[in-house]
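Please work through the exercises below with the sequence and the model side by side. Each task is followed by a solution that goes step by step.

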Amino acid sequence: DGLAQVAEALAHSAKTMKTLDFSRNELMAPTERTMAQVSVACAKLEQLTTLKLNGLGFGAEGATGLAVGLRGCAALTHLDLSSNALGDAGTQLCAAFPLCTNLTDLQLSDNQFCGKLGGKMVSAGLGSWDPERDLAPQVRSALTRLNVSGNKLEKEAWVLCAGLRNCTRLSFLDMSKSMFRDNAMQNMCGMLPAASLTHLELSTNMLGIVDPKFVAAVLQELTCLRRLGLADNHLKDQGAVLLGRDVLPRLSVLSDLDLAGNSVGDEGAVCLASTLGECVELRSIVLTRNKLGTKGCAALRAALDAIEDRASLIALDIRFNAGPK
């Protein structure tokens, strides 16, 4: 019973311990009882700021145990629960998050929860928002980083995002590999913290399958973005045109744009090129694995030649394109 022995040792540890990392151990299959022992022991570590429990494989039962002591970890700032098997039932531990008032970094990626059920629980934990009763969310000003990638948010992704409305310091959000389409974003307008969000990862979803205008409507609100990841989203020329025409001119501080693997052709590249002069902070553009041809590449080259401070653009990646000659 390795985990129980560790919990017992923690109970007698110095209260000055600040970091505890259990990542990807095989001490035993974490049960409700052993996770409760560990979390209660952690709650007694008054200066504990970082707790890593990623890759342990615990599910709903382990999460129930973890929630017991997590409520007492008042000093906790970094919590990593990624790559477990929480599922929708396991997200009940999110009820403990409002008591971790100093939490700034929360990792929940690859945990097998979906948008409507698990997403609702995460949303409630982040912002105390009930989508059925529409209660006013509690401000979670401390949270700056949230990773929920690799979960099945699908068309209910907006339910989770609703809890972010009052995360007024959130600067990093990763929702990549979440299996949602562009029409899932039509309910997300106004929900993301536009005044603070600087890094947004939406790669490997299906945002261009129906109509990417919903994507553009959300992104053009996020005027503080510095990094925008949209790789592998089926955006095609239509999506690239919308980005070039409606979104990029509003993102004046954007420095890193990733559009790899979106089947963007010459039409999309020409439109993107026409706005490069307005993106004065842009340092990196990734257009690899698209369908750029001679016309699109020429437009990009001309746009770069027209920029006086070309040295500021560090990287333009157009490898592996196979468009018309």
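Predicted model: local features only at pLDDT ≥ 70, side-chain atom pairs only at ≥ 80, totals over all residues.

Residues are numbered from 1 along each chain as its sequence is written, and side-chain values use heavy atoms, with hydrogens and water left out.

**Exercise 1. Helix packing**

Describe how helix H8 packs with helix H9, and then how H9 packs with H10.

Step 1. Two packed helices are described by the angle between their axes and the distance between the axes. Axes are lines fitted to C-alpha atoms, for helices over the stretch in contact, and angles run from 0 to 180 degrees between N-to-C directions.

Step 2. The axes of H8 (residues 236-247) and H9 (residues 266-275) come within 8 Å and cross at roughly 10°, which makes H8 roughly parallel to H9 (angles under 35 degrees count as roughly parallel).

Step 3. In this contact (heavy atoms within 4.5 Å), H8 contributes Asp237, Ala240, Val241, Leu243, Gly244 and Arg245, while H9 contributes Asp266, Glu267, Gly268, Cys271, Leu272 and Thr275. By class, the contact has five nonpolar, three polar and four charged residues, where Ala, Val, Leu, Ile, Met, Phe, Trp, Tyr, Cys and Pro count as nonpolar, Asp, Glu, Lys and Arg as charged, and the others, Gly among them, as polar.

Step 4. The axes of H9 and H10 come within 8 Å and cross at roughly 5°, and H9 and H10 are therefore roughly parallel to each other. The contact is formed by Asp266, Ala269, Val270 and Ala273 of H9 with Thr294, Lys295, Gly296, Ala299, Leu300 and Ala303 of H10, and its residues divide into six nonpolar, two polar and two charged.

**Exercise 2. Salt bridges**

Which strands hold arginine 227 and glutamate 201, and how many residues apart are they in sequence?

Step 1. A salt bridge is a side-chain nitrogen of Lys or Arg within 4 Å of a carboxyl oxygen of Asp or Glu, and a search of the whole structure finds 10 of them.

Step 2. In one of these, the side chains of arginine 227 and glutamate 201 meet at 2.7 Å, N to O. Arginine 227 lies in strand E8 (residues 227-229) and glutamate 201 in strand E7 (residues 199-201), so the pair ties together parts that are 26 residues apart in sequence.

Step 3. Arginine 227 also meets aspartate 256 in a salt bridge (3.2 Å, N to O); aspartate 256 is in strand E9 (residues 256-258), and this pair is 29 residues apart.

Step 4. With buried meaning under 20% relative accessible area, exposed over 50% and partly exposed in between (1.4 Å probe, protein chains only), arginine 227 is buried at 15% and glutamate 201 is buried at 14%, whereas aspartate 256 is partly exposed at 22%.

Step 5. Glu201, Arg227, Asp256 and Asp258 are linked in a network of salt bridges.

**Exercise 3. A loop residue and its surroundings**

Is threonine 77 buried or exposed, and which residues does threonine 77 contact beyond its neighbours within four places in sequence?

Step 1. Threonine 77 is found in the loop between H3 and E3, and with 18% relative accessibility it counts as buried.

Step 2. Once neighbours within four places in sequence are left aside, threonine 77 is in contact with Thr49, Asn102, Leu103, Thr104 and Asp105.

Step 3. For another loop residue, lysine 44 lies between H2 and strand E2 (50-52) and counts as partly exposed at 47% relative accessibility.

Terms used:
Helix = DSSP H or I, 4+ residues; strand = E, 2+ residues; numbered from the N terminus. Parallel < 35°, antiparallel > 145°, perpendicular 65-115°, else oblique.
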